[in-house]
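Trainee: I'm new to this one. Could you show me how to read it, feature by feature?

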Amino acid sequence: MQGDTLTLTNADTLTHDLVSRQRRSNGTRVFASPNVPSAAQGEVYGVSALPPSSYPFLCSIHSYMVGNLHVLAAPVR
């Protein structure tokens, strides 16, 4: 949901991260986590500022590991 945070939980035996495929004009990723070792967690920085849309991501350590982050609009209250 728009404005929410995201935590990467690594249940694998290898270290992973989660980074956006999209980059800003200065070359930095739109969102990214640190490298997260096995059985650990790490915040995915930048997610709470994303507008509603779909954002392709990957593990930069294992580039064949891919997915999409879907940010939904926050409910009107």
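Mentor: Let's begin with pairing: two strands pair if DSSP finds at least two bridges between them. Strands here are DSSP runs of E with at least two residues, numbered from the N terminus. In this model, strand 2 and strand 4 pair in the antiparallel sense over two bridges. One of those bridges joins Val19 to Leu58 in strand 4. Before we go on, this is a predicted model, where local features need pLDDT of at least 70, side-chain atom pairs count only at pLDDT 80 or more, and totals for chains, interfaces and linings use all residues. Residues are numbered from 1 along each chain as its sequence is written, and side-chain values use heavy atoms, with hydrogens and water left out.

Trainee: Over how many bridges do strand 4 and strand 5 pair?

Mentor: Six, again in the antiparallel sense. Look for Pro56, which stands opposite Asn68 in strand 5.

Trainee: And in what order do the three strands form the open sheet?

Mentor: The order is 2-4-5, with antiparallel pairing. Strand 2 and strand 5 (66-71) are at the edges with a single partner strand each, so one side of each has no neighbour in the sheet.

Trainee: How do I read an aromatic pair?

Mentor: Rings of Phe, Tyr and Trp (its six-membered ring) pair if their centres lie within 6.5 Å; planes under 30 degrees apart are stacked, over 60 edge-to-face, and the rest tilted. Searching the whole structure turns up one such pair. It is Phe31 with Tyr55, edge-to-face, at 6.3 Å centre to centre and 85 degrees between the planes. Phe31 sits in the loop between strand 2 (19-20) and strand 3 (41-43) and Tyr55 in strand 4 (residues 53-58), so the pair ties together parts 24 residues apart in sequence.

Trainee: Are Phe31 and Tyr55 buried or exposed?

Mentor: Both are buried. That means under 20% relative accessible area, with exposed over 50% and partly exposed in between (1.4 Å probe, protein chains only).

Trainee: What about a nonpolar core?

Mentor: It's a set of buried Ala, Val, Leu, Ile, Met, Phe, Trp, Tyr and Cys residues joined through side-chain atoms within 4.5 Å. The largest one here has twelve residues, including Phe31, Tyr55, Phe57 and Val71. Strand 4 and strand 5 each supply at least two of its residues.

Trainee: Where does Ser33 lie?

Mentor: In the loop between strand 2 and strand 3. Ser33 is buried, at 9% relative accessible area. Contact means heavy atoms within 4.5 Å; leaving aside neighbours within four places in sequence, Ser33 is in contact with Leu8, Asp17, Leu18, Glu43 and Val44.

Methods: Helix = DSSP H or I, 4+ residues; strand = E, 2+ residues; numbered from the N terminus.
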